[in-house]
Amino acid sequence: MSEAPIQHPPDIYGQVLKVALPLLVGAIFLIVWQIVVTTLGVPKFVLPAPTLIWQALIGNFWSLMGSLWFTLTVTVEAFIAAVIGGVALAVLFAQSRWIATAFFPYAVILQVTPVVSIAPLIIIWVGYDNVRLALLILAWLVAFFPILSNTTLGLRSTDHNLRNLMQLYGASRWRVLTEIQFPGALPFILAGMKISGGLSLIGAVVAEFVAGSGASTGLAWRIIEAGNRLDIPRMFAALGLLSVLGILIFGVMSLIEYLALRHWHESAVRREN
Amino acid sequence: MSEAPIQHPPDIYGQVLKVALPLLVGAIFLIVWQIVVTTLGVPKFVLPAPTLIWQALIGNFWSLMGSLWFTLTVTVEAFIAAVIGGVALAVLFAQSRWIATAFFPYAVILQVTPVVSIAPLIIIWVGYDNVRLALLILAWLVAFFPILSNTTLGLRSTDHNLRNLMQLYGASRWRVLTEIQFPGALPFILAGMKISGGLSLIGAVVAEFVAGSGASTGLAWRIIEAGNRLDIPRMFAALGLLSVLGILIFGVMSLIEYLALRHWHESAVRREN
Amino acid sequence: MQMFAPEAASASPHTAKPIITLNGVTKTYGNGTTALRDVDLAIGQSEFVSLLGPSGCGKSTLLRLIAGLGEISAGRIDWPQTAHTARGEPEHDIGFVFQEPTLMPWATVFDNVYLPLKLKRMSRRQAAPIIRDALTKVGLENFGKAYPRELSGGMKMRVSIARGLITRPSVLLMDEPFAALDEITRFRLNDDLLAMWAGQHWTVIFVTHSVYESVYLSDRIVVMGARPGRVTADIRIDEPYPRSEAFRLSSRYNDYCRLVSAALHETMT
Amino acid sequence: MQMFAPEAASASPHTAKPIITLNGVTKTYGNGTTALRDVDLAIGQSEFVSLLGPSGCGKSTLLRLIAGLGEISAGRIDWPQTAHTARGEPEHDIGFVFQEPTLMPWATVFDNVYLPLKLKRMSRRQAAPIIRDALTKVGLENFGKAYPRELSGGMKMRVSIARGLITRPSVLLMDEPFAALDEITRFRLNDDLLAMWAGQHWTVIFVTHSVYESVYLSDRIVVMGARPGRVTADIRIDEPYPRSEAFRLSSRYNDYCRLVSAALHETMT
Amino acid sequence: ADTKITFVTDWKAEAEHGGFYEALALGLYKKAGLDVTIRQGGPGIDNMQLLAAGAVDFAIGSNSFGPLNLVQAGAHVVAVMAASQKDPQCLMTHPRPDIKSLADIKGKPVMIAAGSADTFFLWLKAKYGYSDSQIRPYTFNMAPFLVNKNAIQQGYISSEPYLVEQQGGFKPQVFLFADAGYPSYASLVMVSQTMIDAHPDVVQKFVDASIQGWYDYLHADPSPADKLIEKDDPDESDGVIAYAIKTMKAEGMIEGGDAAKLGIGAMTDARWKTFFDVMSKEGVYPANLDYKAGYTLRFVDKGLALAASH
Ligand SMILES: Nc1ncnc2c1ncn2[C@@H]1O[C@H](COP(=O)(O)OP(=O)(O)OP(=O)(O)O)[C@@H](O)[C@H]1O
Ligand SMILES: Nc1ncnc2c1ncn2[C@@H]1O[C@H](COP(=O)(O)OP(=O)(O)OP(=O)(O)O)[C@@H](O)[C@H]1O
Ligand SMILES: [Mg+2]
Ligand SMILES: [Mg+2]
């Protein structure tokens, strides 16, 4: 029984197409948009043409980039906090059905409470000089639930034979968690993170809408400002940057998912029969 | 080989506890809240005592109920639309990796575009007398992504041997979908629905915040209004109703999940070894 | 009792009217493992062929390729007698019992067995007696309402067998179907299978690790060698059907078994 | 060659120094299936016990209960010689090869086999030669980097066997470990297992459907009857170890096989 | 048949819209041959965008920025009447000795709503040297203001001070921008240029009836309007409305300033120029902006319904 060693070649061709194809669709979409807007003469207050948006983007490039950076940092921090918080809570809930039963409804309350109405409380609580912290908390609130929910399901879905095996080896809860439950729950956790990535971004933006001030100058601020001035092309430029950021985050999450699951999970494995 | 027929007894005791336990925790929580607020003398416009909130609830019962009903209907409609839209899109994406690759980024754009900034566009688009439709669209936008994302993962995770089996039987795509992929994806879809249930609610509320006019009088309006008037107990009464609604939706989703999965999925089955 | 060199296999006078022919079939998986190399084989109409070989030699791979699951890296597989559908796909009526039970965990035993009939648009009511019959044959008449997770390993496999046979396919591919069963049940199912095969003119390709079982059941035994898998021996069991316990006790049976064992031994050293 | 009535089992003079005793063990699953009823059994220290019985009779259930997996509905299982941990749990050192491979799909073959050692806090570097050794024993020395989905059914089972043996547990429970393997590999692993058992004074409980295998391996065969599962025969194989191919060819071997077959037949009718 | 007009306000029904409701309630529009429907605004109704997009023809603009923003954006919408001469926007503080005027607030944290940083705050920057680093978030909830004795926040003179007295139990210091010369109008009636070009008579009738409505609301019985307001927004209590009317009268918001001579709704070129000069100096608008395209005096300043007392 001798054999060439096992090797796992990457699928570079597929990876390139994964980027090129949506770009192509995007280009077609923009062209159609441009044509429709110009031929129908849609007023730019309703829907500005892509060329106008592009001009606005170039014209305000650096201020928009600064705002993008601000929003990005809040997003990333909120996302990391959401992942840590969601997974930690899910781990706690997975330890006992009773804890989960007793406290899950409260996680739901956190999810369904509109940030706009608890923003004042949080501002009082962190002090109104700590706007950034307030934004982080609010964005976290928006983003953490999908991770909690999906991770809980994932941890509960552990192959029960593998759990038995761990029990036989006298493994501690912690080891069961790290060796079996966590890797097994990975597809679920990553799916949750894919959802939460976008929600962190939207959370950072909404938080800035409801609790932002002149000191915080993220994309939300640009959108409000442009909206107030009825500079709709600039607003769309900011929205476009937001979309690009969202797709970027999604792309990164998809890549992580692919790397983590490609060797074993049905959803990522390239099947040969 | 004769045997007592297979029977599947329900676990009533566990079901009762599932309701009683969080209620108990809730009661303790409220009592602690009451004591803290009264002993520390927290002003009622910062954090009103539960008794005050209760009075506000009773005092404004019918107007709050009317708002609750309004928000509930928008939520339910948006949720149903999100489930249908999310699953349908996921099914489309599952038909071909290329379609998924090309269009998934655009689903992400829909997710990360802040409703507040496209609210005016949608109002213009649906005609500004159709505020309710605008609310629906906005709430849908908030809610559909988790279902899309989870369902896509679920459909891709189908046991590949079962797919082979279907192929052998010459089953059509549609039958593969309904007989194998869909039931297999159910745990993922239901997890997505659990997330989206809450998001539909928050979406309905946020939509009302950003696109509501005098004609829409859901809970969001009560919250804004009470907030503006600094009638914080009333605001908390509205928030409380929102939480109750959220928990209710979550409870219903959990029940559906339990009923659908209890016989077979690791996450719901009561293991006997 | 004859033994053919593998390259003579397709030319064998016994392999009349081939229903499936494999020519130079090679299968290399994406990770570089060559599971099959240059396999030539012709399966005759209504033959009962057993496939024997060391674990990991490519038996399952071969069976899957024959069924049209997965792509062939080189060579070709033909079904010379089979009509093609409008879409150009061969229109054969294959039953496959996978090596693993491959049940739908969300469906009851009844529904799992019902699946192939459902796909043929047979109503539940029409199907019920057929399914009950099949379940009784595999000793699971009381487990129609059970879910797969409530079954023992052998019981799951029996459900899979019942499902594989329920459509009475003209070509039956079975991958170690009886490995998880006790001897008594196994013998009974062996006989049932033989009876069905004889009655319906099926073509059966049957993977097993049991030399005894292969000799008892088949009129031809193909022995495969380890990776990369290839055919190393092709042994005809020239014994009349129906076969019975008497054959099992005969010395010819023992001779055959020894012959096959020897071929197997040879292939592994 | 002796045959005990089941009720005499625990009183048998041969079952000296029991390491595990079962008294009136009954197991009823939540759906109403009684898998075991009133099972009395005593497993002696260093015994090699084979468990035979029809598919679905409760062999796997019994093994799991002995291992402490799942709750007993009635009766009790004791480990009279075993120390207890501070938390009151018996501190035995069990190896278990499940009926299904039960591998971690996200881990390579190497990492799957490493798991038990990792849990004992052995470093990867320390473990590597041990694991390589174990993989070579089951013929998978080239597959350390493969993932379970890239293996054949029998290969997966061999990984599971390697994992079960790697800690050299003092009590080894094996549930049809060799069912998916070809005869040659099976025989080799049979001999390996016997050698390890003899060298280390293990206690082995071994579920199999092969009468031949059980006679070759064990010094005691327990036959179980169908649902609700109970012990119907307890047969001692009074043959010296080490056993070899010579024993397989002896007439005593055949006599034992016939005896066990008969006991199995009886239990099923 | 009567000309159908939909008139969108800038918030839910409140006393600040009283004159329009009065005109509707008393049938003044009807008498002028107009079939007016008043639509309440709300948090999500952006009148400027609705006007710019041509989705509505008549709407209220909250301040003088609206028309100029529209001009800058290239939309053809014109302010035809300023219902309120004074913007009710103000800053509030707790009673404290160190702040006696808006100038004293320079350098201190101020809670400002997201949308306000590029409206009146620009004027505060220009006039008093405030800076962006002073801005703290205001979410239309006054709890943070009430609990923090050092807090300063924005407000509407006709509503927030009232709530502070009611809920906080103290009388805040109020600094009305208008008193310090803030040149913005408020409650501007804005109409699309196409409407003005096609039906100037309709616009004139609407303005005239609205002026009469305002006069009646302040000098006759306000209850017909109040009933409509309470019907549209049941939460609007009598106390709030009464306080608002009192404030509007006391501050001369509707009838003070130019309106005292020119009649309710008055606008002047001078006032618009002042506003534009301040804001263009701040860099809000380019100096060459044709700000005059944002308003017209054609329909007002006719001395209509001047109070007998004046
Ligand atoms: N999906 C796969 N990816 C990569 N290699 C595979 C895959 N499936 C099987 N193989 C390899 O192909 C070879 C043949 O596998 P196959 O399953 O056909 O063996 P088999 O003869 O059925 O063995 P067994 O008797 O153990 O079931 C093995 O070496 C295996 O490692
Ligand atoms: N989780 C479960 N829930 C309900 N019934 C079960 C469960 N597991 C096993 N059973 C039932 O218990 C009985 C014994 O099962 P067990 O797996 O112990 O059989 P076995 O002797 O190992 O059979 P095999 O040889 O087929 O593996 C069977 O009738 C089975 O249906
Ligand atoms: Mg195989
Ligand atoms: Mg078993």
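A backbone N or O atom of Lys59(D) lies 2.7 Å from an oxygen atom of ligand 2, a ligand that sits between chains C and D. This is a predicted model, so treat every distance below as a computed one. Ligand 1 has a shared site too, with residues from chains A, C and D around it.

**Ligand 2**

- Two further polar contacts of ligand 2 come from chain D: an oxygen atom of the ligand is 3.2 Å from a polar backbone atom of Cys57(D), and one is 2.5 Å from an N or O atom in the side chain of Ser60(D).
- Taken alone, ligand 2 exposes 630 Å², and the protein buries 95% of that.
- There are 23 residues around ligand 2, and the nearest are Ser152(C), Gly56(D), Ser60(D), Thr61(D) and Gln99(D).
- Helix 4 of chain C and helix 1 (59-66) of chain D each supply at least two residues of the shell around ligand 2.
- Sorted by class, that shell has six nonpolar, twelve polar and five charged residues.

**Ligand 1**

- Ligand 1 is surrounded by residues from chains A, C and D, so this site is shared between chains.
- The shell counts 24 residues, with Gly56(C), Ser60(C), Thr61(C), Gln99(C) and Ser152(D) coming nearest to ligand 1.
- On the chain C side, an N or O atom in the side chain of Thr61(C) is 2.5 Å from an oxygen atom of ligand 1.
- From chain D, a polar backbone atom of Glu150(D) is 2.8 Å from an oxygen atom of ligand 1.
- On its own ligand 1 has 630 Å² of accessible area, and the protein covers 96% of it.
- Helix 1 (59-66) of chain C and helix 4 (153-166) of chain D are the elements that give two or more residues to the shell around ligand 1.
- That shell around ligand 1 splits into six nonpolar, twelve polar and six charged residues.

**Chain B against chain A**

- Between chain B and chain A, about 5,600 Å² is buried, and carbon and sulfur atoms give 75% of it.
- Val112(B), His160(B) and Ile195(B) supply 10% of the area that chain B buries against chain A, more than any other three residues.
- The contact takes 63 residues from chain B and 63 residues from chain A.
- How many salt bridges does the rule find across the interface of chain B and chain A? The count is zero.
- Polar contacts do turn up, with eleven residue pairs between chain B and chain A (both at pLDDT 80 or more).
- Helices of chain B that give two or more residues to the side touching chain A include helix 1 (12-40), helix 6 (131-156), helix 8 (173-211) and helix 10 (232-261).
- Helix 4 of chain B gives the largest share of that side, twelve residues.
- The side of chain B that touches chain A has 38 nonpolar, 17 polar and eight charged residues.

**Chain C against chain B**

- Here 30 residues of chain C are in contact with 25 residues of chain B.
- The area buried between chain C and chain B is about 2,600 Å², with 62% from carbon and sulfur atoms.
- The rule finds one salt bridge across the interface of chain C and chain B. Which residues make a salt bridge here? Glu179(B) pairs with Lys118(C), their closest N and O atoms being 3.2 Å apart.
- The polar-contact count between chain C and chain B is four residue pairs (both at pLDDT 80 or more).
- Strand 6 (94-97), helix 2 (109-119) and helix 4 (153-165) of chain C are the elements that give two or more residues to the side touching chain B.
- Helix 2 of chain C gives the most to that side, with four residues.
- By class, the side of chain C that touches chain B has 15 nonpolar, five polar and ten charged residues.

How values were computed. Residues are numbered from 1 along each chain as its sequence is written. Chains are lettered from A and ligands numbered from 1 in the order in which they are written. This is a predicted model: local features need pLDDT of at least 70, side-chain atom pairs count only at pLDDT 80 or more; totals for chains, interfaces and linings use all residues. Side-chain values use heavy atoms; hydrogens and water are left out. Contact means heavy atoms within 4.5 Å. Buried area is the accessible area (1.4 Å probe) that two parts lose on being put together, summed over both. A salt bridge is a side-chain nitrogen of Lys or Arg within 4 Å of a carboxyl oxygen of Asp or Glu. A polar contact is a pair of N or O atoms within 3.5 Å; within protein, one must be able to donate a hydrogen and the other to accept it, and residues adjacent in sequence count only if both atoms are side-chain atoms. Ala, Val, Leu, Ile, Met, Phe, Trp, Tyr, Cys and Pro count as nonpolar, Asp, Glu, Lys and Arg as charged, and the others, Gly among them, as polar. A residue is near a molecule or strand if one of its heavy atoms lies within 4 Å of it. Accessible areas come from the Shrake-Rupley method with a 1.4 Å probe; for residues, only the protein chains shown count as cover.
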